[in-house]
Amino acid sequence: MSDNAYEAIIGLEVHTHLMTRSKLFCGCSAGFGAGPNENVCPVCMGMPGVLPVLNRHAVELAIRAGLAAHCEIAPESIFDRKSYFYPDLPKGYQISQYELPLCKGGYIELPAHSEGAEPRRIRLTRIHMEEDAGKNIHESGASLVDFNRSGVPLVEIVSEPDIRSADEAGAYLRELRSILRYIEASDGKMEEGGLRCDVNVSVRKRGAAEFGVKTEIKNLNSFRFVEKAIEHEVARQIDILEAGGRIAQETHLWDPVREVTRPMRSKEFANDYRYFPEPDLPPLRVPPDLVEAIKTAMPELPADQRARFVRELGLTAYEAAVLTQDRDLGAYFETMLAAGLKNHRTAANWVMTEVLRVVNEAARPLADAAPLAIESGELLKLVETGAISLNAAKTAFAAMCKSGKGADATVAELGLAQVSDEGAIAAACDQVIAAEAAKVAEYRGGRDKLFGFFVGQVMKAMGGKGNPKVVNEILKRKLSG
Amino acid sequence: MADSKISVEQVRHVARLARLELSAADETALQANLSEILQYIDQLNRLDTSAVAPTAQVGEAGTPMRDDVIANRPDPEAMLANAPARAGHLFKVPRIIE
Ligand SMILES: [Zn+2]
């Protein structure tokens, strides 16, 4: 394969909704689920004579995002008009930020998935604020427009061309979503358009200093599509170059059905947005004490939590990375530990296997699908004290997911408690030894392998509830005696 | 920089961006009109502004901000009152071909 002779240069532009109650420039609800054109007013409909008034909370959330991504927050930034005609854009321009964005520079650090690996830093160019457009519904013969999303606050997060593969783009998006959720700036739900992505891709011969000609892939709305579109586009560009061709600088759309990118019909003047400062909005001035206040109130970020899980709890880099993919997951794990668990890695693996399984199977949020974290913790505590086996804990967990009952009640109800009582176990051992005299003789004659057989028989006699550790000890003592 | 002049091609380009259909007479008139505006800018450019910071807006205060509260109640009928065409509570426009 000649593919290895090339490297991909990828930059991402991510748009995400900010979690405000009202829109960016008017008092309409920014919520989902309303009927068509219920959350609209003359401002977000672009009626003549109206004036936009900036939502303070949206600015604070954008600053929070900027600080979380290590950006510099501009003390003064300005809004611009980006002009184009489309039915979902009632003013004929979108209020955005162009030359002087709110946040500049910064970076996103990707988690290292293996021990000792250096975390990768993807630099950011900027984060700026803008308003969303409405929604077109295409029918035969007409298009229908709903302006409920028109004027909903967004940030656009623009990366430098630092990403080198489809996998890395996926890792970047997951980390970005995780950060936005940790700081409660965005819920990052792609299916509701809460996170949308445009991708810039070019390829060059490995070691070459100059970038190749790039293409842009527009409006990808799932992480999987982003990864697939990049893989497809990189392969397409390499094929063209290998055949002696040239890459055309053009915009592509991802076709999720055929899994290919195809060039957008080039709209004349499509990129002539004629940005100019929005005359209706004076400059956005951010006082330094506001930035300081937001910094002080900032919750722990996924990267910090990851580092702490490794340093203080002894998790592997991989375990820490999985648990911090989602704020709820990390919180679930920490609440479990509050039950007084000593074995942190067992708890981590419990979250990664048992808890994630039920979440995925139920396809519902963690809080709905899994038992309360403290009950999960109590359950593992019973395993740590030897009251139940790990297998019994899994059985109890499955029941708890359905019943919503606590750990102790479920274990009692299902009779899962292990028998650790030495008298009961000794009696079972005596019974087995008496019944299997021939095998006992063989064992004592040197067939050590038979030990497992005896353990099995004792467990069977005890209905599977014998504490394996105690059974082993007593059995060994009795057989040798 | 004196005598900035706009070509008729530039007039057509700007008109197309603004979705304006111009007659030949309009084009000639606008070419003169827009050129005059640019000549006025040329006049301003003669001032020495080397000691003045680039200014997009005048006024000392930053943009005012509002609290994040929902102040509008749904009234789709009022919003659609002047719509030339509608389908239920949706605005209806000629089909957009992508
Ligand atoms: Zn509104």
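Among contacts in chain A between residues at least 6 apart in sequence, what percentage join residues at least 24 apart? The answer is 69%, where a contact means heavy atoms within 4.5 Å.

This is a predicted model, in which local features need pLDDT of at least 70, side-chain atom pairs count only at pLDDT 80 or more, and totals for chains, interfaces and linings use all residues. Residues are numbered from 1 along each chain as its sequence is written, chains are lettered from A and ligands numbered from 1 in the order in which they are written, and side-chain values use heavy atoms, with hydrogens and water left out.

**View 1. Chain A as a whole.** Chain A carries 16 helices and 18 strands; these are DSSP runs numbered from the N terminus, with helices being H or I of at least four residues and strands E of at least two. Its radius of gyration is 30 Å, well over the 23 Å that the globule rule gives for 481 residues, so chain A is more spread out than a compact globule. That radius is taken over C-alpha atoms, and the rule is 2.2 Å times the number of residues to the power 0.38. Along the principal axes, the C-alpha trace of chain A spans about 95 × 55 × 50 Å.

**View 2. An open sheet in chain A.** Here you can follow three strands of chain A in the order β6-β5-β17, with antiparallel pairing. Two strands pair if DSSP finds at least two bridges between them. In chain A, β6 (93-96) and β17 (276-277) each have a single partner strand and stand at the edges, so one side of each is left without a neighbour in the sheet.

View 3. Strand β5 (residues 80-83) of chain A pairs with β6(A) in the antiparallel sense over four bridges. To find your place, look for A:R81, which stands opposite A:I95 in β6(A).

**View 4. Chain B as a whole.** Along the sequence, chain B reads α-α-β-α-β-β. The radius of gyration of chain B is 23 Å, well over the 13 Å from the globule rule for 98 residues, so chain B is more spread out than a compact globule. Its C-alpha atoms fill a box of roughly 55 × 45 × 25 Å along the principal axes. Buried residues make up 19% of the 98 residues in chain B. Among contacts in chain B with a separation of 6 or more, residues 24 or more positions apart account for 39%.

Methods
Buried means under 20% relative accessible area, exposed over 50%, partly exposed in between (1.4 Å probe, protein chains only).
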